[in-house]
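Please look over the sequence and the model below before reading on.

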Amino acid sequence: MDTFFYTFAVLLFAAIILLIEGAYLWWSTNHGKAAQRVARRLRLMSGAGADGSERVSILKQRHFSKGEWMDDLLHRLRLAHTIDRMLVQAGVKWTVAQFFALSAALLGAALVLVQLWSMPLPAKIVLALMATGAPYGLLVRARAKRLQKIEQQLPEAADFLARAMRSGHSFTNVLQMVGTELPEPLSGEFRTAHEEINYGVPMNEALHNLATRLPLTDLRYLIIAVLIQRESGGNLAEILNNISHIIRERLSLIAKVRVLSAEGRMSAWILGLLPFAMIGVMSIGNLAYISQLWTEPAGIKLLWYGAGMILFGVLWLRSVIHIRV
């Protein structure tokens, strides 16, 4: 009896110890500091930051909407993928569904305004188009400003990469250093590329993803140089220094071109906005006189002809002053 009792006590004690240890391992695996750190990094890579904010995702399929059925519907539209790519490139935290909702809301507001105000049909069409395209215009502007800022940071990034490579660091560690040391927004893109590599994405694919997120010619030259050096060998630090010098010279040439074409851009703005400004001034001064443009059939035809000539002139001036470097 004593032997049986002691054996049972020992086995019960061992079972309790194993149960406690199992509970501790389960807690540390799911709720410990290491688990929280891994979960935070997974959120960063799957499209959400440490605070739940949107971040660039390495997943092939991003969420276009919070609703599952809406997300599935938007993924079938090619336009939604284009808008999502622009949102990523612009660094905007909107979703595709929010973008379309804002465009639809502005279109609805414009339709209400054109019903309340008495205005010609061309003006109604122009107002509706401008209201619908306002979010897209803001997105294009934000994308252009962000890409331009990143392009200005590229020479410094190339020099930083070259110095770090000369110091003996591996290219993966150099990506991490660039993501830590350089300012935003370029550092965030390099940090994302480094995180992709840490999670098993091949370096070639991670660099191609970086080029996709940032469609800049200079960045593609830098990535191509790195990929060629990895295949054939060579002095990567010297190559990066040469690319940095080329990028600086190209940016300097672009600045000179913008200065020389400033007069043409100003002329395009003045010629494009002057007719609308004159119509507005004349409407305030003598509405009965100018209203014949949208109350008489001949005036409506003149408005259409004038709008077409203005559009043709703006496009022609843009083609003249837009010099690709």
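**Spaces and salt bridges**

Helix α6 makes the greatest contribution to the lining of the largest pocket, supplying ten residues. The model is a predicted one, and in it this pocket has a volume of about 2000 Å³. Its lining is made up of 34 residues, among which A144, R258, R265, R318 and H322 lie nearest the centre. Besides α6 (121-166), the helices α11 (236-260), α12 (262-285) and α15 (297-321) each supply at least two residues of that lining. Sorted by class, the residues around the pocket comprise 18 nonpolar, seven polar and nine charged ones.

The structure holds one cavity of 30 Å³ or more, and the largest cavity contains about 40 Å³ of space. Its lining consists of F171, L175, F190, L207, L210, L219, L222, I223 and V226, with two or more residues coming from each of α7 (171-181), α9 (203-213) and α10 (217-232). The largest share, four residues, belongs to α10. What classes of residue make up the lining of this cavity? Nine residues are nonpolar, while no polar and no charged residues take part.

We turn now to the charged pairs. Side chains of opposite charge can pair when their charged atoms come close. Across the whole structure there are seven salt bridges, including one between E189 and R146, whose closest N and O atoms are 2.7 Å apart. This pair links distant parts of the chain, since E189 belongs to helix α8 (residues 186-198) and R146 to helix α6, 43 residues apart. Are the two partners buried or exposed? With buried meaning under 20% relative accessible area, E189 counts as buried at 2%, and R146, at 15%, is buried as well.

A second salt bridge joins R248 to D159, with 2.8 Å between the closest N and O atoms. Because R248 lies in helix α11 and D159 in helix α6, the pair ties together parts that are 89 residues apart in sequence. Here R248 is partly exposed, with a relative accessible area of 40%, whereas D159 is buried, with a value of 17%.

In a further salt bridge the side chains of E196 and R213 meet at 3.1 Å, N to O. E196 lies in helix α8 and R213 in helix α9, so this pair ties together parts that are 17 residues apart in sequence. Both E196 and R213 are buried. Through salt bridges that share partners, R146, E189, E196 and R213 are joined into one network.

Notes
Residues numbered from 1 in each chain as written. Predicted model: local features only at pLDDT ≥ 70, side-chain atom pairs only at ≥ 80, totals over all residues. Heavy atoms only, no water. 1 Å grid on protein atoms, 1.4 Å probe; cavity = no way out; pocket = protein on both sides within 12 Å on 5 of 7 lines; lining within 4 Å. Points joined across faces, edges and corners; volume = space filled by probe spheres on them. Nonpolar A, V, L, I, M, F, W, Y, C, P; charged D, E, K, R; others polar. Salt bridge = Lys/Arg side-chain N within 4 Å of Asp/Glu carboxyl O. Buried < 20%, exposed > 50% of the residue type's maximum accessible area, 1.4 Å probe, protein only.
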